[in-house]
Amino acid sequence: MKAAIGDKLIVEGAHDGAPRKIGFIIELRNEDGSPPYVVRWEADEHESLVFPGPDAHVVPSVPR
């Protein structure tokens with residue numbers, strides 16, 4: 001998984017009916033764009049360090 005600042009991180013719900021979490025990558029910890037990422041979550045503006053699992057994917061902010 002690779003990302004850039006401004007990309008969207010989507011984490012699907014872990015259980016049936018669980019909502020997905022949507023956040024924006026605001027900081028990279030590795031120059032090559034690999035995790036972890038600092039993410040600002042859309043729902044509550046909370047920021048956290050995220051090590052994305054298999055239920056997560058990145059949506060680029062601009063086509064690459």
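So, Asp 7 sits in the segment ahead of β1, where strands are DSSP runs of E with at least two residues, helices are runs of H or I with at least four, and both are numbered from the N terminus. Before I go on: this is a predicted model, where local features need pLDDT of at least 70, side-chain atom pairs count only at pLDDT 80 or more, and totals for chains, interfaces and linings use all residues. Residues are numbered from 1 along each chain as its sequence is written, and side-chain values use heavy atoms, with hydrogens and water left out.

Is Asp 7 buried or exposed? Its relative accessible area is 0%, so Asp 7 is buried. The cut-offs are under 20% for buried, over 50% for exposed and partly exposed in between, using a 1.4 Å probe and protein chains only. And what does Asp 7 touch? Setting aside residues up to four places away in sequence, the list includes Gly 23, Val 58, Pro 60 and Arg 64; contact here means heavy atoms within 4.5 Å. Ser 61 is also on that list, and its backbone nitrogen is 2.8 Å from a polar atom of the Asp 7 side chain.

Gly 6 is also in the segment before β1, which covers 8–11. Gly 6 has a relative accessible area of 31%, so it counts as partly exposed. Leaving out neighbours within four places in sequence, Gly 6 contacts Phe 24, Ile 25 and Ser 61. Glu 27 is 21 residues from Gly 6 in sequence, and their C-alpha atoms are 8.6 Å apart.

Now over to β3 and β4. Strand β3, residues 37–41, pairs with β4 in the antiparallel sense over four bridges; to count as a pair, two strands need at least two DSSP bridges. Val 38 stands opposite Leu 49 in β4. The two strands make a hairpin with five residues between them, and in the turn Glu 45 has a positive phi of about 65 degrees. Strand β4, residues 47–50, has Ser 48 and Val 50 on its covered face, with Glu 47 and Leu 49 on the uncovered one.

Zooming out, the protein chain has five strands and zero helices. Of its 64 residues, 28% count as buried. The C-alpha atoms fill a box of roughly 35 × 20 × 20 Å along the principal axes.

Conventions. A polar contact is a pair of N or O atoms within 3.5 Å; within protein, one must be able to donate a hydrogen and the other to accept it, and residues adjacent in sequence count only if both atoms are side-chain atoms.
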